[in-house]
Amino acid sequence: MTVTATGTWHPGLPPGDGAGPPPPALPLYPAVRDYAALCEALAAGGFRHAAEALLAPATAESAYRAAVLGPGGPAAGGFLILDGLWLPPERGSGMRHADAVLCREAAARWRKAGDQRADAAGAVLDRLGALADADPMAVRRLVLYQLSCLLADAEGGPTAAAAVALGVADGEAPVLAAAVAAGFPAAGAAREAAELITDAWEERRLRAAADLARALPPGPADPGLARLLTTLRTELAAVDREVEEAAALAAAGSHRAAATGCLRALRRAADDPAALEGLLTAAVRAGDLGEQPLITAAVTDGTVRLTWPAPRRPVPVQVVRFFEDEPNGATEVPLAAGGTAALDADPPTGRPVRYAVLPRDGDRVAGTARASARVLVTPEVTGAGARAVPGGLALTWRAHPSATAFRAWRVTADGDTEVPCGATGLTDRPLPPGAHVYRVSCGYPGRAEGEWAWSDGERITGTAEDWPDQVPEVAVHPAGPDGRVTLSWPAPERGEARLVVWRGRPPAPGDDLSAALGRLSAVSGDGPGGRTATVLPPPHGALRLTAVSVLGERAVAGPSVLLERPGEIEGLTARRLAPGRAEVAFRWPEPAVLVLVAWEGAGGRRERRVSRSQHRAGPVEIPVGRGEQVISAAPVARPDATLAFGTAVATRLPALPLPRLALHHARRAVELARRAASRARRPIARP
């Protein structure tokens with residue numbers, strides 16, 4: 001699109017015959033702080049750009065405005081933008097310049113009109129008025145930038161019609177559209193950086209601004225943006241010099257002077273990591289050398305409480321935590337009420353850290369820092385306790401989630417003995433009766449592979465008691481004809497042995513049964529020392545017996561035996577369903593859980609285990625041959641049964657008769673075999 005400007009043209013007046021405004025130099029950034037919030041306020045009021053907010057709704061004072069702005073009016077129904085922002089007139093024929101006064105008048109009219117968009121428009125116009133106070137051309141620059149973005153993003157590209165639709169005067173719309181088409185940046189990283197760079201600059205976040213500047217095209221045609229980038233480079237060079245000089249001072253041992261140099265650099269660039277690192281490092285060195293008082297750091301139960309003297313004049317402060325070898329990775333710690341204490345509820349473990357207090361002035365560091373001494377957080381176990389168990393002690397505890405290694409020692413006057421332990425406790429046996437002291441330490445991973453930081457250790461005291469020894473075994477002798485079973489067991493070295501009936505899941509040998517001792521029912525023993533007993537397992541049931549050693553009020557479990565006497569299998573029948581299948585039926589032998597069904601014939605023996613649920617579903621089907629089968633069924637003893645009394649029962653399944661043709665051939669074969677045998681028995685005639 002080519003636009004030719006001839007004749008005489010004046011700002012704020014419509015072009016004459018053949019005259020037109022010169023092509024504008026488009027701004028490449030809005031130059032407005034917190035531009036995103038301004039755009040949100042515009043969107044809340046339904047405004048496409050800031051100029052729409054300046055056009056307050058009609059009031060009694062401007063009731064004839066529509067007639068003035070009709071076809072052939074001064075701006076042909078739109079506003080002028082190319083040389084200043086000029087709005088259509090409300091009285092007379094002169095265009096109105098969008099300055100700070102006009103912004104405030106428009107805000108008042110919005111509020112007076114009672115329009116539902118008044119609040120959003122007022123917020124926008126208050127911002128525009130402040131911008132115009134600081135820079136009379138700021139509002140025009142903002143609107144021109146927004147119009148350029150809207151035209152560049154318009155469907156079909158920037159056109160005069162699109163500009164007119166945005167409110168631009170007919171005479172300037174082609175010129176603006178042509179300027180945008182000539183090279184205004186499309187939506188993307190460069191435009192996003194342009195809209196954020198003012199925030200970074202105003203907040204003195206020069207390193208962030210430098211990152212944004214790298215996304216912008218080099219040598220921008222916008223003079224304002226070019227000046228900003230030049231100034232940014234100059235400021236960053238000054239920051240680098242300050243940091244280098246501070247590093248030289250620190251190397252020479254002048255830590256206070258180094259801190260002052262880093263503070264000057266931070267006042268220029270609040271986000272400069274090297275300057276902050278130098279400031280914190282100088283504070284650490286000065287504190288360690290006693291050149292300035294340290295802040296107090298107290299470690300308690302995995303937390304760190306920080307305190308420092310109140311300054312003579314209250315000043316806002318920020319508390320940060322950083323690894324001793326990585327000062328540039330500082331993390332803020334929340335302040336406690338009063339401003340002279342802080343609590344770090346979740347400090348890192350296993351690596352030395354430091355804390356520093358930084359005076360602040362808004363978002364900037366306002367003074368040199370004060371640091372803490374080296375802090376290493378290695379929390380001890382909590383909730384520790386000890387209880388007596390057979391032969392020794394059992395210790396339990398809760399470890400910090402970051403602990404990944406554990407060590408424990410039994411502490412005696414003759415020295416410490418390490419005891420194997422886990423993450424939640426240990427069992428130490430055998431132990432003599434009496435008090436025993438343990439020390440439990442937690443290990444936390446350090447920075448390097450295989451590096452550990454160990455806690456000092458938590459002391460735990462427990463008292464071991466006198467316990468009986470376990471019964472080593474219970475012997476089960478073969479059952480008699482009446483089904484009675486004889487059991488015998490040796491006497492323990494310490495304590496008295498009993499054989500008790502146990503219902504439910506059996507205890508493991510060595511378990512403490514002291515609490516259940518009064519509820520256990522013992523079997524009467526006979527023989528030498530009463531260490532032999534004869535029992536009759538109940539029919540259709542099982543009997544579990546456990547050996548228990550007793551000494552005073554303490555009882556210890558020994559081995560257990562299970563005697564099972566399932567019922568007999570009754571009503572075993574078998575019948576063929578087809579040439580290759582048969583079904584087997586029987587009554588279930590309670591309390592068995594499995595029955596072994598076997599069938600044996602000319603083809604060998606096969607087996608199948610049948611569960612109670614399968615039996616309930618109906619007769620059991622098995623694959624069989626044509627010949628005779630012997631079918632048996634027997635209850636399967638439980639895997640943990642020591643002795644079971646189940647017996648097998650059997651039945652016969654007759655062979656399947658041969659078909660007629662097969663029978664004929666079989667008979668013929670028998671006859672031929674008989675004749676051959678007869679001829680073989682005849683005497684041979686001699687000549």
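Between which two strands does the loop holding Thr349 lie? Thr349 lies in the loop between strand E7 (341–344) and strand E8 (353–361), where helices (H or I, at least four residues) and strands (E, at least two) are DSSP runs numbered from the N terminus. The model is a predicted one, in which local features need pLDDT of at least 70 and side-chain atom pairs count only at pLDDT 80 or more, while totals for chains, interfaces and linings use all residues. Residues are numbered from 1 along each chain as its sequence is written, and side-chain values use heavy atoms, with hydrogens and water left out.

At 14% relative accessibility, Thr349 counts as buried; buried means under 20% relative accessible area, exposed over 50%, and partly exposed in between (1.4 Å probe, protein chains only). Not counting residues up to four places away in sequence, Thr349 touches Val377, Pro379, His400, Ser402, Tyr444 and Pro445, a contact being heavy atoms within 4.5 Å.

Another loop residue, Asp511, is found between strand E21 (496–501) and strand E22 (521–522). Asp511 is partly exposed, with a relative accessible area of 33%. Its contacts, leaving aside neighbours within four places in sequence, are Pro390, Ala555, Val556 and Ala557.

Two loop residues other than glycine have positive phi. For Arg204, phi is near 60°; this residue sits in the loop between helix H9 and helix H10 (206–213) and counts as buried at 12% relative accessibility. For Asp301, phi is about 50°; Asp301 is in the loop between strand E3 (296–300) and strand E4 (303–307) and counts as exposed, at 70% relative accessibility. A cis peptide bond, with omega about 0°, joins Arg429 and Pro430, and Pro430 is in the loop between strand E15 (425–428) and strand E16 (434–445).

Among the helices, H5 (residues 118–134) has 17 residues, which at 1.5 Å a residue should span 24 Å, and its end C-alpha atoms are 24 Å apart, in agreement. The expected span is 1.5 Å times one less than the number of residues. The buried residues of H5 include Ala118, Val124, Leu125, Leu128 and Leu131. What covers the buried residues of H5 includes helix H1 (35–44), helix H2 (50–54), helix H4 (100–113) and helix H6 (138–153).

Strand E30 (residues 620–623) has a covered face, made of Val620 and Ile622, and an uncovered one, made of Glu621 and Pro623. Strand E27 (residues 581–587) pairs with E30 in the antiparallel sense over four bridges, where pairing requires that DSSP finds at least two bridges between two strands. Arg581 stands opposite Pro623 in E30.

The structure holds two cavities of 30 Å³ or more. On a 1 Å grid over the protein atoms alone, a cavity is a set of points where a 1.4 Å probe fits but cannot get out, and lining residues have an atom within 4 Å of a point. Grid points are joined across faces, edges and corners, and a volume is the space filled by probe spheres set on the points.

About 60 Å³ of space lies in the largest cavity. Helix H9 (residues 189–202) gives the most to its lining, with three residues. The second largest cavity holds about 40 Å³, and H4 gives the most to its lining, with four residues. Leu54, Ala56, Glu90, Arg96, Leu102, Glu105, Ala106 and Arg109 line this second cavity.

Technical notes
On a 1 Å grid over the protein atoms alone, a cavity is a set of points where a 1.4 Å probe fits but cannot get out, and a pocket is an open set with protein on both sides within 12 Å along at least five of seven lines; lining residues have an atom within 4 Å of a point.
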